[in-house]
Amino acid sequence: RNKDFQEVTLEKDGETVLRFAAAYGFRNIQNMVLKLKKGKFLYHFVEVLACPGGCLNGKGQAQTEDGKPDKALLNQMEEVYAAIPVRLPETNMHVQKMYQDWLEGMDSKKVQETLHTKYSAVNQTASNLDIKW
(Lines give C-alpha, C1' and ligand atoms only; values in the text may rest on other atoms or scores of the structure.)
Protein backbone atom coordinates (compact mmCIF):
# COMPACT_ATOMS: atom_id res chain seq x y z
CA ARG A 1 0.00 0.00 0.00
CA ASN A 2 2.85 2.33 0.83
CA LYS A 3 6.52 1.93 1.66
CA ASP A 4 5.78 1.78 5.40
CA PHE A 5 2.82 -0.61 5.29
CA GLN A 6 3.42 -4.01 3.76
CA GLU A 7 1.19 -7.07 3.51
CA VAL A 8 2.07 -10.72 2.95
CA THR A 9 -0.19 -13.76 2.77
CA LEU A 10 0.63 -17.42 3.29
CA GLU A 11 -1.33 -19.57 0.89
CA LYS A 12 -1.72 -23.31 0.69
CA ASP A 13 -3.47 -24.99 -2.23
CA GLY A 14 -4.72 -21.60 -3.43
CA GLU A 15 -6.34 -20.77 -0.08
CA THR A 16 -5.12 -17.98 2.20
CA VAL A 17 -4.03 -19.51 5.50
CA LEU A 18 -2.45 -16.50 7.25
CA ARG A 19 -2.22 -12.77 6.65
CA PHE A 20 0.76 -10.74 7.86
CA ALA A 21 1.41 -7.01 7.90
CA ALA A 22 4.24 -4.66 8.83
CA ALA A 23 3.26 -1.14 9.93
CA TYR A 24 6.04 1.41 10.34
CA GLY A 25 5.48 4.94 11.62
CA PHE A 26 2.71 6.34 13.81
CA ARG A 27 0.32 7.20 10.94
CA ASN A 28 0.25 3.59 9.78
CA ILE A 29 -0.06 2.34 13.35
CA GLN A 30 -3.02 4.67 13.97
CA ASN A 31 -4.71 3.53 10.73
CA MET A 32 -4.21 -0.08 11.78
CA VAL A 33 -5.73 0.54 15.23
CA LEU A 34 -8.74 2.30 13.65
CA LYS A 35 -9.33 -0.68 11.34
CA LEU A 36 -9.09 -2.98 14.34
CA LYS A 37 -11.72 -0.96 16.20
CA LYS A 38 -14.03 -1.00 13.17
CA GLY A 39 -13.72 -4.76 12.83
CA LYS A 40 -12.04 -4.47 9.42
CA PHE A 41 -8.71 -5.90 10.52
CA LEU A 42 -7.74 -8.86 8.32
CA TYR A 43 -4.34 -9.80 9.74
CA HIS A 44 -3.25 -12.65 11.99
CA PHE A 45 0.22 -11.24 12.78
CA VAL A 46 1.49 -7.67 12.61
CA GLU A 47 4.95 -6.18 13.09
CA VAL A 48 4.69 -2.66 14.48
CA LEU A 49 7.64 -0.26 14.56
CA ALA A 50 7.37 3.42 15.46
CA CYS A 51 10.18 4.52 13.11
CA PRO A 52 9.09 5.46 9.58
CA GLY A 53 10.92 3.04 7.32
CA GLY A 54 11.25 0.61 10.21
CA CYS A 55 14.39 0.16 12.23
CA LEU A 56 16.57 0.64 9.14
CA ASN A 57 15.95 4.34 9.63
CA GLY A 58 16.26 4.23 13.41
CA LYS A 59 18.96 5.88 15.49
CA GLY A 60 21.05 2.71 15.79
CA GLN A 61 21.87 2.62 12.10
CA ALA A 62 24.91 3.64 10.07
CA GLN A 63 25.69 7.33 10.40
CA THR A 64 28.20 9.79 9.05
CA GLU A 65 30.80 11.24 11.41
CA ASP A 66 28.53 14.21 12.15
CA GLY A 67 25.72 11.90 13.34
CA LYS A 68 23.48 12.11 10.27
CA PRO A 69 22.04 9.02 8.57
CA ASP A 70 24.32 7.60 5.87
CA LYS A 71 21.78 7.28 3.02
CA ALA A 72 24.27 5.75 0.59
CA LEU A 73 25.22 3.00 3.02
CA LEU A 74 21.57 2.43 3.95
CA ASN A 75 20.66 2.06 0.26
CA GLN A 76 23.56 -0.35 -0.24
CA MET A 77 22.42 -2.43 2.74
CA GLU A 78 18.84 -2.55 1.40
CA GLU A 79 20.12 -3.67 -2.04
CA VAL A 80 22.20 -6.47 -0.49
CA TYR A 81 19.23 -7.64 1.57
CA ALA A 82 16.89 -7.55 -1.45
CA ALA A 83 19.38 -9.59 -3.51
CA ILE A 84 19.30 -12.54 -1.10
CA PRO A 85 17.31 -15.30 -2.81
CA VAL A 86 14.12 -16.46 -1.12
CA ARG A 87 14.13 -20.20 -0.52
CA LEU A 88 11.72 -22.53 1.21
CA PRO A 89 13.14 -23.64 4.58
CA GLU A 90 12.31 -27.28 3.92
CA THR A 91 14.74 -27.30 0.96
CA ASN A 92 17.66 -26.46 3.26
CA MET A 93 19.76 -29.53 4.13
CA HIS A 94 20.42 -28.21 7.66
CA VAL A 95 16.68 -27.90 8.33
CA GLN A 96 16.11 -31.40 6.94
CA LYS A 97 18.88 -32.77 9.19
CA MET A 98 17.41 -31.00 12.23
CA TYR A 99 14.01 -32.60 11.56
CA GLN A 100 15.60 -36.00 11.10
CA ASP A 101 18.11 -35.99 13.98
CA TRP A 102 16.61 -33.75 16.63
CA LEU A 103 12.86 -33.66 15.95
CA GLU A 104 12.46 -37.35 15.00
CA GLY A 105 10.82 -36.69 11.62
CA MET A 106 8.50 -34.14 10.01
CA ASP A 107 5.24 -35.32 11.63
CA SER A 108 6.55 -36.50 14.99
CA LYS A 109 5.09 -35.76 18.40
CA LYS A 110 8.29 -33.86 19.20
CA VAL A 111 7.63 -31.50 16.26
CA GLN A 112 4.15 -30.77 17.61
CA GLU A 113 5.46 -30.16 21.14
CA THR A 114 8.49 -28.08 20.09
CA LEU A 115 7.34 -26.00 17.12
CA HIS A 116 3.60 -25.59 17.64
CA THR A 117 1.69 -23.64 20.24
CA LYS A 118 -1.89 -23.16 21.37
CA TYR A 119 -3.56 -19.86 22.07
CA SER A 120 -6.44 -19.21 24.42
CA ALA A 121 -8.61 -16.17 24.94
CA VAL A 122 -7.60 -13.68 27.59
CA ASN A 123 -10.29 -11.84 29.50
CA GLN A 124 -9.68 -8.15 29.06
CA THR A 125 -10.50 -5.72 31.81
CA ALA A 126 -10.80 -2.00 31.37
CA SER A 127 -8.25 0.10 33.19
CA ASN A 128 -7.03 3.64 33.32
CA LEU A 129 -4.07 2.56 31.23
CA ASP A 130 -6.19 1.85 28.12
CA ILE A 131 -5.10 3.99 25.21
CA LYS A 132 -7.79 5.80 23.25
CA TRP A 133 -6.74 6.61 19.69
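**A short tour of a predicted chain**

Hi everyone, let's start with helix α2: its 13 residues reach 18 Å from the first C-alpha to the last, close to the 18 Å expected at 1.5 Å a residue. That expected span is 1.5 Å times one less than the number of residues. Helices (H or I, at least four residues) and strands (E, at least two) are DSSP runs, numbered from the N terminus.

This is a predicted model, where local features need pLDDT of at least 70, side-chain atom pairs count only at pLDDT 80 or more, and totals for chains, interfaces and linings use all residues. Residues are numbered from 1 along each chain as its sequence is written, and side-chain values use heavy atoms, without hydrogens and water.

Is α2 covered or hardly covered? Hardly covered: one of its 13 residues is buried (under 20% relative accessible area, with exposed over 50% and partly exposed in between; 1.4 Å probe, protein chains only).

Now the strands. β1 (residues 5-12) and β2 (residues 15-24) pair in the antiparallel sense over eight bridges; pairing takes at least two DSSP bridges. Q6 stands opposite A22 in β2. Two residues lie between the strands of this hairpin, and D13 takes a positive phi near 55 degrees.

On to β3 (residues 45-49), which pairs with β2 in the parallel sense over five bridges. Here A23 stands opposite V48 in β3.

Finally, look at M32. Leaving out residues up to four places away in sequence, M32 touches A23, F41, V46 and V48, where contact means heavy atoms within 4.5 Å.
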